[in-house]
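Please look over the sequence and the model before turning to the points below.

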Amino acid sequence: MDKQQFESFYTAYLNRIYRFVFYRVGGNKELTQDLTQEIFIKAFEAFERYDPTISQSSWIYTIARNHIINNHAKQRPTSSLEDIEGTVWASRDAREQFATHHDERALLAAIAQLSPEDARLVRMKYLEGWAFDDLSECLEKTSVALRVQATRAIKKLRKLLKDPHAV
Amino acid sequence: MKYWFLRYRLWRLGRHALPDSLFKRELRRELQTRGFLPVAQPLIGKRWRMALASTTACGTLFAGTVGYAWASDDVLPDHALYPIREEVERVELALARTPEKKQDIRLQHLERRVHEIKLMQQKKRPVAPQHVDRLLLEMKAALPQAVNRIDLANEVEDEETQAIRLEAQSADEVVQTRQAVKTEEEREALDEILTTKAERVRSRVIQLKQTRRERPALKRGIIVPPVVTSTSLILSPASSTRPVIKREVLEKAKLEKKSPEKNASPKRPPEKAFKKKSVR
């Protein structure tokens with residue numbers, strides 16, 4: 001197994017996976033660090049079985065997603081990632097933890113008011129830093145469709161920030 | 001709200017979730033320990049690092065030794081590190097670009113030699129003849145050089161420069177006497193006279209330089225003495241330019257004042273009348 005290859009993969013995806021986990025564990029830094037380490041250990045162990053036809057971003061996304069669900073399943077057995085995200089983002093405590101400024105809290109509240117698909121896209125694209133090409137593989141949509149969806153989501157967000165009851 | 005401003009706010013919010021450098025370092029170390037990541041090779045190999053470390057250590061030691069030899073009062077002419085001080089002084093003189101700078105440095109060296117001999121006398125260390133010769137050499141080297149080309153060409157010296165040269169000549173005589181003297185007491189007494197003369201030469205040279213700086217220095221012609229300048233100002237106070245007078249004429253005027261009969265200029269032969277040639 002090529003360590004150099006894994007190192008370049010690790011360097012490319014560390015920040016993205018960390019942020020992905022961070023926004024799905026309620027902003028808990030210690031839990032985020034533990035889960036990130038476990039995800040990369042799992043990724044290294046599965047690296048030999050990695051199929052190059054699948055993109056690296058969707059592969060690591062799947063590992064991270066399943067690991068977070070398994071972690072939450074210990075506390076709540078019947079939960080999906082969407083449920084987890086919905087709970088986390090909807091809670092005021094999480095927003096308090098994420099944001100230090102009032103305008104940032106308002107922004108998070110506005111994101112939570114978007115539809116689940118739009119909210120997920122806005123978070124993954126603008127908060128977690130995924131590229132449209134990587135997102136198209138993870139979310140199984142074309143890159144063009146995602147760009148259009150993102151533009152519409154941003155417009156809705158602007159309206160919500162002006163008037164929280166607009167949408 | 002502008003689109004770009006909203007994008008900026010989202011970007012700023014996203015920055016909260018970035019991992020800190022401590023965590024990154026710890027995680028990397030953990031994965032390297034487990035063998036998942038390769039251990040980073042140092043940029044410089046072990047042998048090169050050893051060579052660099054030893055070169056740095058030697059360089060520091062050398063610089064420290066040179067600094068000590070240069071600055072310490074313990075390093076006197078009979079000290080083992082004294083040759084290093086001499087070399088540093090030679091380099092210092094060689095690096096000086098202008099003659100004025102060189103003369104300043106020579107004066108500093110002269111002061112140093114005087115200080116060294118005084119310290120040796122205080123510490124009751126014998127002053128060897130070569131140490132005294134060195135002092136004399138520094139004294140001669142520190143003597144004022146000609147300020148401009150006219151002085152050099154005409155070998156004219158003013159009174160101050162002459163006095164300093166006489167002082168140096170008498171120091172030379174003192175050194176010669178010292179070589180002939182047998183008792184230590186007499187030698188010490190002569191050393192004191194010599195250091196006094198060296199200090200006097202140094203202070204007079206500094207005074208001379210001060211005086212020359214105050215006088216206007218011209219690229220062409222010669223330095224105008226103050227008397228003539230004030231006279232010219234009386235005649236034409238509005239004039240901003242100073243007259244240039246040849247030194248030969250000035251010296252002649254001085255001599256004429258002292259003895260007008262002796263220095264009377266010889267009569268010129270009568271000029272022959274110019275005859276026009278007739279054009280045919």
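Chain A contains nine helices and zero strands. The model is predicted, and the order of elements along the sequence of chain A reads α-α-α-α-α-α-α-α-α.

**Chain A as a whole**

- Chain A has 167 residues, of which 50% are buried.
- Of the contacts in chain A between residues at least 6 apart in sequence, 58% link residues at least 24 apart.

**Length of helix H9**

- Helix H9 of chain A covers residues 143-162, which is 20 residues.
- At 1.5 Å a residue, H9 of chain A should span 28 Å, and this agrees with the 29 Å between its end C-alpha atoms.

- The buried residues of H9(A) are A:Ser143, A:Leu146, A:Gln149, A:Ala150, A:Ala153, A:Ile154, A:Leu157, A:Leu160 and A:Leu161.
- An α-helix has 3.6 residues a turn, so residues three or four places apart point the same way.
- The face of H9(A) turned away from the buried side bears exposed residues, namely A:Val144, A:Arg152, A:Lys155, A:Lys159 and A:Lys162.

**Packing partners of helix H9**

- Within chain A, the buried residues of H9(A) pack against helix H6 (102-113), helix H7 (116-127) and helix H8 (132-139).
- The buried residues of H9(A) also pack against helix H1 (3-15) of chain B.

Technical notes: Residues are numbered from 1 along each chain as its sequence is written. Chains are lettered from A and ligands numbered from 1 in the order in which they are written. This is a predicted model: local features need pLDDT of at least 70, side-chain atom pairs count only at pLDDT 80 or more; totals for chains, interfaces and linings use all residues. Side-chain values use heavy atoms; hydrogens and water are left out. Helices (H or I, at least four residues) and strands (E, at least two) are DSSP runs, numbered from the N terminus. Buried means under 20% relative accessible area, exposed over 50%, partly exposed in between (1.4 Å probe, protein chains only). Contact means heavy atoms within 4.5 Å. The expected span of a helix is 1.5 Å times one less than its number of residues.
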